[in-house]
Amino acid sequence: MGWSGSPRARQVAETALQMSKERGQTGIMRELNLWLLQRQYTGSLQHFQAEPNAIAVCWNGLNGTRHVFMQAAKDAGLRRLFFELSPLPNSITVDPRGVNFANSLPRTIAPYHAWAAAHGPVDWHHIKSAITQRAATNTPPSTPDCPPLSENFIFVPLQTPGDSQLRLFGGNFQTIDAFVTTLIAASNSLPEGWHLRLKDHPTSASTAGELLQNKGDAPIYLDNTTNTFDQVKAARAVMTVNSSVGLEAMFFDKPVIACGQCFWAIDGVALAATTPEAIETAFKNPASLNYDALARQSFLSFITEIYYPKPENAAAVIAERVSGKDEFGFWGDIA
């Protein structure tokens, strides 16, 4: 805790609160939270200025106290490491800039191609055998007239309401309601014989079924019974705002459509459809949804071999991540 204030402390506190679940607070509670976050930023900054060789480390770091802590480290010129769960089995996220869409990975395919050319092909297809759905804590009912998996469909795994991925990186779809409402309307653009197949997040306490009660004849259904990855395997394509299932679906060789901000929505690797109009356009010709096999190969090779470290090489990866820019430019923007 630090007791002197500054315009910068107020600015960082405002951002931290805006990114947190409590961002809707008003009045005295909002001011008290801002006061606390400013004090935490100031104290952290003073500490880091006195320890210039330190490395700041935190879990996630996207909002609240951890955001001001890591921002103070950045303002003091320290190196940083952000940790988070990995969407892939037996690995973890370690990044010098942030996690999820805030990470340091390039958003163009060229660096991935360069890395792949220098290191040779990587066989990542075996990873799909270890990918499993989250353990279900709640199973809301499915749509009673849900078509069989043998029909042509696009699978849409939903996220938990209030998920920080949605709130911070959802773009036009920061709530489940906004996304599902758009999908209901856009599904009418699907050709005959196609449908959308949704699934609530296995840990979600609410359900999209309430919104689908008024879908009319729109070809959109909710299947909460079938395993997530059985639906991925049967789908012609997978669409998500920014769920990790989108990345995981790539290991099953599926076209993936990203409707929010995703670090993996790179041209050729996945299709970006971030507006209602773009979603409708994608639905008009779903049979044409595809991806660039070489781009997908290069991208998945790098993230499986390098980006998500495994326990046996975590120490070496951590040392490399804090050392600065590498020869292929992956950690070039670590400030």
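User: Where is His67 found?

Analyst: His67 belongs to helix α3, residues 64-75. Helices here are DSSP runs of H or I with at least four residues, strands are runs of E with at least two, and both are numbered from the N terminus. The model is predicted, so local features need pLDDT of at least 70 and side-chain atom pairs count only at pLDDT 80 or more, whereas totals for chains, interfaces and linings use all residues. Residues are numbered from 1 along each chain as its sequence is written, and side-chain values use heavy atoms, with hydrogens and water left out.

User: Why is His67 called buried?

Analyst: Buried means under 20% relative accessible area, exposed means over 50%, and partly exposed lies in between (1.4 Å probe, protein chains only). The relative accessible area of His67 is 12%, so His67 is buried.

User: Which residues does His67 touch?

Analyst: Apart from residues up to four places away in sequence, His67 touches Val12, Thr15, Ala16, Met19, Gly61 and Leu62. Contact requires heavy atoms within 4.5 Å.

User: How far apart are Thr143 and Tyr221 in sequence and in space?

Analyst: They are 78 residues apart in sequence, and their C-alpha atoms are 5.7 Å apart. Thr143 also touches Tyr221, together with Leu212 and Leu222, when residues up to four places away in sequence are not counted. For Thr181 and Arg66, the separation is 115 residues in sequence and 34 Å from C-alpha to C-alpha.

User: What makes the pair Arg10 and Glu31 a salt bridge?

Analyst: A salt bridge is a side-chain nitrogen of Lys or Arg within 4 Å of a carboxyl oxygen of Asp or Glu. The closest N and O atoms of Arg10 and Glu31 are 3.4 Å apart, and the pair forms a salt bridge. Arg10 lies in helix α1 (residues 7-18) and Glu31 in helix α2 (residues 27-50), so the pair ties together parts that are 21 residues apart in sequence. Arg10, at 28% relative accessibility, counts as partly exposed, and so does Glu31 at 39%.

User: How do you know that Glu14 and Arg30 meet in a salt bridge?

Analyst: The N to O distance between their side chains is 2.6 Å, and they meet in a salt bridge. Glu14 is in helix α1 and Arg30 in helix α2, so this pair ties together parts 16 residues apart in sequence. Glu14 is partly exposed at 26%, as is Arg30 at 23%.

User: How are helices α4 and α11 packed?

Analyst: Helix α4 (residues 110-119) and helix α11 (residues 293-307) pack at about 75 degrees, with axes 8 Å apart. Angles of 65 to 115 degrees count as roughly perpendicular, under 35 as roughly parallel, over 145 as roughly antiparallel and the rest as oblique. The value therefore makes α4 roughly perpendicular to α11. Among the residues in this contact are Tyr112 and Trp115 of α4 and Phe299 and Phe302 of α11.

User: Which residues have the most contacts inside the largest nonpolar core?

Analyst: They are Leu247, Trp264, Phe299 and Phe302, in a core of 40 residues. Such a core is a set of buried Ala, Val, Leu, Ile, Met, Phe, Trp, Tyr and Cys residues joined through side-chain atoms within 4.5 Å. α11 gives the most to this core, with 6 residues.

How values were computed: Axes fitted to C-alpha atoms, helices over the stretch in contact; angles between N-to-C directions.
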